[in-house]
Amino acid sequence: MNWFKNEGSSTRRNALKTLSVASLLALGLSALAPAAHAAGTIIRAVMHSGLRVLDPIITTAHITRNHGYMIYDTLLSMDANYKPQPQMAEYKVSDDGLTYTLTLRDGLLWHDGTPVTAEDCVASLKRWAQRDTGGQMLMDYAESLTAADAKTIVLKLKKPFGPTLEMLAKPSSVVPFMMPKRIAETPASESITDQIGSGPFKFVKAEFQPGVKVVYEKFDKYVPRKEPPSWTAGGKVAYVDRVEWVNMPDAQTALNAINNGEIDYMEAPPVDLLPLAEANPDIKKFRWTPLNTQTMGQMNVLYPPFDNVKIRRAAMLALGQNDVLAALIGNPEYFAACPSMYGCGVPLSTDAGAPKTFATGDIKAAQALLKEAGYDGTPVVILQPTDVITVAPQPVVAAQALRNAGFKVTLQPMDWQTLVTRRASQAPLAEGGWSLFFTNWIGAEVWTPLVNPMLNTRGKKGGFFGWLDDPEIIKMREEFAAAKTLDEQKAVATKIQQRAYDDAAYVPLGSYYIPALYRTSLSGLIQGPAPLFWNIKKAN
């Protein structure tokens, strides 16, 4: 069922760096110097961020998820109709809905040449389930998860859990990627140190420059499924020999590079630069996902000032979606205000609990509530990424709005990969903690209360960064999982959103999309929950 409308969003940046084009190219294109041994067909891409964190289970960062899809595979996958399909394994469900049997298909090998086994997959699922909001709930229902033999995985439930297949096919943050047992047994609180998958590309460790360049090579022994590719399901055929991601923090540099043919693909160009690419007949726009992206702010409830729910509500009142979206995207063709925590244009979409002024904000109401709450001037420490255009404007706009409402605000600049590490800290502000950060999620990451990470209110025991502890939302999520009809699901989802707005669990800030750019030498690009590089061919 297609839940999403292709509504728009995109932006205009108020200022670009004033470095000369020549100096920008010198900075950005140095990483494109070809390796002496490089041969075959190569796709060079500029992604939305540099890659530093390599463990796709320990973080929800999209660049790490994108890396995961390059080298790992999944037991089940999601097709373009949002239906789970076999990928590494076929599956059977018992008549009582309590036993799920997954049988690995033939020919599966890890990149080190060893065979994929059911024990590997059991260890991978258990580690994933410690970190993922949907996986945690699935394990709450599980009686056992075992390897019956080398190719058979058996999941037994204590009671039926309707979304089991959807969780195993979860397409985005956090994806249940399969890893060798020795790697998957790494504690879920620690990053893995080995990058061995079974997917269509291999990670080239020797050429990895954290935050600068990452290289993948075709895995010649990968056996794709025979079905045509559809989202993350079907055959994953690597038609090129290498894929290189080169980081160019300055968007003008990257645009010059794709215009000149030094790179082939640009994931997230600023919307105000799109006309410069549209004038080039060798470049096309591509909407790599049909789903809108949502942007939002996440508050840390462990420490002042946001341990006070009234102060959180005051911050929510101060933040207007239109101002954030105008700074982030600019062109209203590409964005829309949206009060729903599940996204707009989906079956569960609702405005329940949202402030009536969600689109514009209400500074006067925020000022009054802040005074009523007894705010004592404790500073709001906002983590401010400066190197990723899709998360750079939000902190600046929010800081001004919060100051207008009476908050004291400190912006702490850093690169995005530092932020995704820093936000995991539960330390007080005086010891390097934080109060507020901003991030983005595609529709498939928020479209139900089971997968929406910000509705994982387990506090310090596995909850999302910010660590809201609300057992009532957990109970309602279980009620949602047990719902038999869409109408029942809508009713529960509405209650959950109402409660989450009452908690000021997080601040939805609207939806948008940004089309990617690619040179016409590429063909076969497919849509999905992430930029996918299988099925792409490159002409000489």
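Here are some friendly questions and answers on how features of this predicted model get their labels.

Q: Why is Leu-450 called buried?
A: Its relative accessibility is 2%, and buried means under 20%, so Leu-450 counts as buried.

Q: Where does Leu-450 lie, and which residues does Leu-450 touch?
A: Leu-450 lies in the loop between strand E17 (436–442) and helix H14 (471–482). Leaving aside residues up to four places away in sequence, Leu-450 touches Thr-133, Gly-134, Met-137, Phe-161, Pro-163, Arg-477, Phe-480 and Ala-481. As for Ile-474, 24 residues separate it from Leu-450 in sequence, and the C-alpha to C-alpha distance is 9.5 Å.

Q: What makes H9 roughly antiparallel to H11?
A: The axes of helix H9 (residues 309–318) and helix H11 (residues 363–372) cross at roughly 170° and come within 8 Å. Angles over 145 degrees count as roughly antiparallel, so H9 is roughly antiparallel to H11. The crossing is left-handed.

Q: Which residues of H9 and H11 meet, and how many are nonpolar, polar or charged?
A: From H9 come Lys-310, Ile-311, Arg-313, Ala-314, Leu-317 and Ala-318, and from H11 come Ile-363, Ala-365, Ala-366, Leu-369, Leu-370 and Glu-372. By class, that contact has nine nonpolar, no polar and three charged residues.

Q: How do helices H10 and H12 pack, and what makes the contact?
A: Helix H10 (residues 321–328) and helix H12 (residues 393–405) have axes 9 Å apart, at an angle of about 145°. H10 passes H12 in a right-handed crossing. Asp-323, Val-324, Ala-327 and Leu-328 of H10 make the contact with Pro-393, Gln-394 and Val-397 of H12. These residues divide into five nonpolar, one polar and one charged.

Q: What makes E8 and E12 edge strands?
A: The open sheet has seven strands in the order E8-E9-E10-E1-E11-E19-E12, with mixed pairing. Strand E8 (201–203) and strand E12 (283–286) each pair on one side only, as edge strands.

Q: How do you know that E1 and E11 pair?
A: Two strands pair if there are at least two bridges between them. Two bridges join strand E1 (residues 42–46) to strand E11 (residues 265–266), so they count as a pair. The two strands run parallel, and Val-46 stands opposite Met-266 in E11.

Q: Which helix lies across E1, E11, E12 and E19?
A: That is helix H7 (residues 251–260), which runs at about 30° to strand E19 (516–519).

Terms used: Residues are numbered from 1 along each chain as its sequence is written. This is a predicted model: local features need pLDDT of at least 70, side-chain atom pairs count only at pLDDT 80 or more; totals for chains, interfaces and linings use all residues. Side-chain values use heavy atoms; hydrogens and water are left out. Helices (H or I, at least four residues) and strands (E, at least two) are DSSP runs, numbered from the N terminus. Contact means heavy atoms within 4.5 Å. Axes are lines fitted to C-alpha atoms, for helices over the stretch in contact, and angles run from 0 to 180 degrees between N-to-C directions. Angles under 35 degrees count as roughly parallel, over 145 as roughly antiparallel, 65 to 115 as roughly perpendicular and the rest as oblique. A crossing is left-handed if the near helix is turned anticlockwise from the far one by less than a right angle, and right-handed if clockwise. Ala, Val, Leu, Ile, Met, Phe, Trp, Tyr, Cys and Pro count as nonpolar, Asp, Glu, Lys and Arg as charged, and the others, Gly among them, as polar. Buried means under 20% relative accessible area, exposed over 50%, partly exposed in between (1.4 Å probe, protein chains only).
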